[in-house]
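Reader: I would like to go through this structure with you term by term, setting each value against its cut-off.

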Amino acid sequence: MSCILHIETSGQTCSVAVSEDSHCIFEQQATGEKGAGAERLGSMVDEALSFTDNHAIPFDAVSVSSGPGSYTGLRIGVSMAKGICYGRNLKLIAVPTLELLAVPVLLRFPDMEDDALLCPMLDARRMEVYSALYTRALKEVRAVGADVVTADTYLTWLEEHPVYFFGGGAEKCKEVISHRNAHFIDDIEPLAKWMQPLAEKRLLAGQTEDVAYFVPFYLKDFVAIKPKQLL
C-alpha cells in the first residue's frame, strides 16, 4: 500500500495527518480565524515527519487540500507540501476541499438514500458560497462553482433527489432552502484525517501533480467567477 502525509489548510482548522495502509497513524490540528491556524503548520509537519522517521516509515506522497477556501491557508499549505515533495523527492496529490468535506458525511451516514446527492458548501460571505454536487460514490454531478444562494439555486436537483447540505456555508442557507428534499448536516469541516481515501485513490490511479507548476483553486480554475471576498 502507501504512506501519505496529508495537509489541510483551507479553513479555520489547520490539520496534518499521516496514513499508512489506509489507516490514520498520526494526526495534529490547530484552529485559528481565517487561516490563522496555519501558523502552526510548520511545527505540526515537523512532528509528523519525526514520527515517521522514528518509526522508519518511508513516505510515498504528500497530499494537500487544493481549495476552494482560505486564500492565506491554501497558499501556506501548498507551499509547505511542495517544499516537502522537493526535499524528499515525493509525489504531490491534490485533494479538492469540497470533495473532502463529503468523506465524513458518508462515514457518518452509511444508510443514506441511494439516490441522495451531497452538496458541500464553503462560506464566501453574505449569501454567497462555493459548492458542488456529488453522488454517494463521489461522482461529480455539478462542478465547483460560486453561488448566490436563493430558494431556487438548487431546485433542479431538489425536485429529483434528497440533497444533503453541509460545511461552513450551509448554516446560513437553512432558512433560505426549505424544500422537502433538503437536509442539513451540522459540524462538518475539512480535516487532514479524512483525506486518506481520496489521496490514496488518486495515487493508485497515477493522478499526481507537477510539483513545479501546481497552484491551488483560487489561482487556477475559477478566478473569473470568484465571489467578491475570498475567505
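Reader: Where is H6 found?

Author: H6 is found in strand β1, which covers residues 3-8; strands here are DSSP runs of E with at least two residues, helices are runs of H or I with at least four, and both are numbered from the N terminus. This is a predicted model, in which local features need pLDDT of at least 70 and side-chain atom pairs count only at pLDDT 80 or more, while totals for chains, interfaces and linings use all residues. Residues are numbered from 1 along each chain as its sequence is written, and side-chain values use heavy atoms, with hydrogens and water left out.

Reader: Why does H6 count as buried?

Author: Buried means under 20% relative accessible area, exposed means over 50%, and partly exposed lies in between, with a 1.4 Å probe and protein chains only. H6 has a relative accessibility of 1%, and therefore counts as buried.

Reader: What joins the side chains of H6 and S63?

Author: A polar contact of 2.6 Å joins the two side chains, H6 and S63; the term is for a pair of N or O atoms within 3.5 Å, where within protein one must be able to donate a hydrogen and the other to accept it, and residues adjacent in sequence count only if both atoms are side-chain atoms. A polar atom of the H6 side chain also lies 3.5 Å from the backbone oxygen of I4. Leaving aside neighbours within four places in sequence, the residues in contact with H6 (heavy atoms within 4.5 Å) include V16, S63, A192 and M195.

Reader: Which order do the strands of the sheet with β1 have?

Author: The order is β3-β2-β1-β4-β5, an open sheet of five strands with mixed pairing, two strands being paired if DSSP finds at least two bridges between them. The edge strands are β3 and β5 (91-95), each of which pairs on one side only. The pairing of β2 and β3 is antiparallel and runs over eight bridges, with F26 in β3 as the bridge partner of V18.

Reader: What makes the buried residues of α1 line one face of the helix?

Author: The buried residues of α1 are L41, M44, V45, A48, L49 and T52. Seen down the axis of α1, they fall within an arc of 135°, so they line one face of the helix; the arc is that of the directions from the helix axis to the C-beta atoms. They pack against β1, β2 (13-20), β3 (23-31) and α2 (71-88).

Reader: Is V45 buried or exposed?

Author: V45 has a relative accessible area of 2% and is buried. Not counting residues up to four places away in sequence, V45 touches L5, I7, V16, M80 and I84. V45 and M80 are 35 residues apart in sequence, yet their C-alpha atoms are 8.7 Å apart in space.

Reader: Why is one side of β8 and of β10 left without a neighbour in the sheet?

Author: The order here is β8-β7-β6-β9-β10, an open sheet of five strands with mixed pairing. β8 (140-148) and β10 (182-185) stand at the edges with a single partner strand each, so one side of each is left without a neighbour in the sheet. Strand β9 (residues 163-166) pairs with β10 in the parallel sense over four bridges, and Y164 stands opposite H183 in β10.
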